[in-house]
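Here is a short briefing on one protein model. Start with the ligand, then turn to the helices.

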Amino acid sequence: MKTRITELLGIEHPIIQGGMHYVGFAELAAAVSNAGGLGIITGLTQGTPDKLANEIARCNAMTEKPFGVNLTFLPTLTPPDYPGLIQVIIDGGVKVVETAGNNPAQWMPMLNEAGIKVIHKCTSVRHALKAQTIGCHAVSVDGFECGGHPGEDDVPNFILLPRAADELTIPFVSSGGMADGRSLVASLAMGADGMNMGTRFIATREAPVHENVKQAIVAASELDTRLVMRPLRNTERVMNNPAVERLLAKEAALGADLKFEDIIEEVAGVYPKIMMDGDMDAGAWSCGMVAGLINDIPTVKELVDRIMAEADSIIHKRFQGFYQD
Ligand SMILES: Cc1cc2nc3c(=O)[nH]c(=O)nc-3n(C[C@H](O)[C@H](O)[C@H](O)COP(=O)(O)O)c2cc1C
């Protein structure tokens with residue numbers, strides 16, 4: 001399949017694996033790129049330029065196909081060394097950067113000069129338009145369904161994607177709630193040029209996370225996620241568990257007085273415990289409503305091939321069939 005996204009990124013299938021903290025290591029990124037999509041290493045999981053350079057080198061050793069690095073811009077008092085991280089991305093020959101969390105304008109000259117394509121992930125049409133204005137090459141439009149940070153507008157993809165299509169001129173991919181060939185065809189029908197998946201890629205053989213995480217996603221239904229940190233205007237969609245219930249009880253009790261320090265135990269530093277050790281109740285971890293559509297743990301290649309075959313069958317058999325006498 002050829003779309004503006006496959007052309008822009010030099011990939012075979014219009015499928016991207018979004019950056020995911022403590023999931024987006026070289027093993028997963030390389031598997032997605034080798035399967036014909038675009039795999040993405042999560043920059044901040046590595047944290048320092050040296051460690052990220054090492055992860056990029058590992059990925060380069062595992063694939064000859066293009067892959068990307070996610071740079072999430074967080075509102076912290078002690079920001080990571082972003083210029084250093086970008087320098088090792090450039091030196092490592094990475095072709096694509098997925099930005100998220102904040103406006104990447106200040107980093108665009110450095111990235112542009114190196115010929116790197118920038119896909120900005122955002123949750124509203126106004127942020128997507130801003131990304132277009134500052135010269136991003138594409139956007140990833142994250143609907144309310146998504147795992148991670150859906151923003152504060154709560155617009156689901158059935159509205160958000162056609163709205164984005166009406167306003168944008170640069171290519172964009174759908175993100176949030178995407179799992180299969182139906183998701184891809186629906187995204188294309190609504191004007192997107194491809195799709196981005198997070199949660200679906202965690203439940204694959206190559207995702208380098210504890211088996212308990214994959215089983216938790218397979219066991220979960222579409223009713224098993226919760227929104228946390230809304231009172232802090234830092235909403236995150238996470239898998240429900242006892243830590244999340246504790247966190248939500250604190251939010252309800254403290255109301256407008258809630259501070260980050262009140263919930264720090266349930267959210268800070270929990271990813272290694274969950275993703276590496278499989279301690280599923282250690283805290284709040286991002287997960288999309290799409291868990292309800294995930295029932296198996298295929299290899300990345302099986303998943304991508306299945307999505308493309310299903311999309312082909314929907315377009316050429318199901319849709320075509322509607323027009324036969
Ligand atoms: C466990 C997990 C961790 C994530 N970490 C990040 C991150 O560090 N930076 C980022 O930009 N997005 C992050 N995301 C969001 C994904 O890149 C993607 O936008 C989202 O998962 C899409 O929704 P879906 O899960 O319904 O496919 C994360 C998502 C999950 C599920």
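The shell around the ligand has 9 nonpolar, 16 polar and 4 charged residues. Keep in mind that the model is predicted.

**Around the ligand**
- There are 29 residues around the ligand, and G18, A100, G147, G198 and G288 come nearest.
- Three elements each supply at least two residues of this shell: the strands β3 (67-72) and β8 (195-197), and the helix α10 (199-202).

**Helix α5**
- Which residues of helix α5 (residues 82-91) are buried? They are L85, I86, V88 and I89.
- These residues lie on the same side of α5, because they cover an arc of only 160° around the axis.
- The cover over the buried residues of α5 includes the helices α3 (43-46), α4 (49-62) and α6 (108-113). It also includes the strands β3 and β4 (96-100).
- After α5 comes G93. The phi of G93 is positive, near 75°.

**Helices α7 and α8**
- Two packed helices are described by the angle between their axes and the distance between the axes.
- For helix α7 (residues 125-133) and helix α8 (residues 157-167), the axes come within 10 Å and cross at roughly 35°.
- Is the crossing of α7 and α8 left-handed or right-handed? The crossing is right-handed.
- On α7, the contact is made by V125, A128 and L129. On α8, R163, A164 and E167 take part.
- By class, this contact has 4 nonpolar, no polar and 2 charged residues.

Key: Residues numbered from 1 in each chain as written. Predicted model: local features only at pLDDT ≥ 70, side-chain atom pairs only at ≥ 80, totals over all residues. Near = placed C-beta within 6 Å. Helix = DSSP H or I, 4+ residues; strand = E, 2+ residues; numbered from the N terminus. Nonpolar A, V, L, I, M, F, W, Y, C, P; charged D, E, K, R; others polar. Buried ≥ 20, exposed ≤ 12 C-beta atoms within 10 Å, placed from the backbone. Arc of directions from axis to C-beta. Contact = placed C-beta atoms within 7 Å. Axes fitted to C-alpha atoms, helices over the stretch in contact; angles between N-to-C directions. Left-handed = near helix turned anticlockwise from the far one by under 90°.
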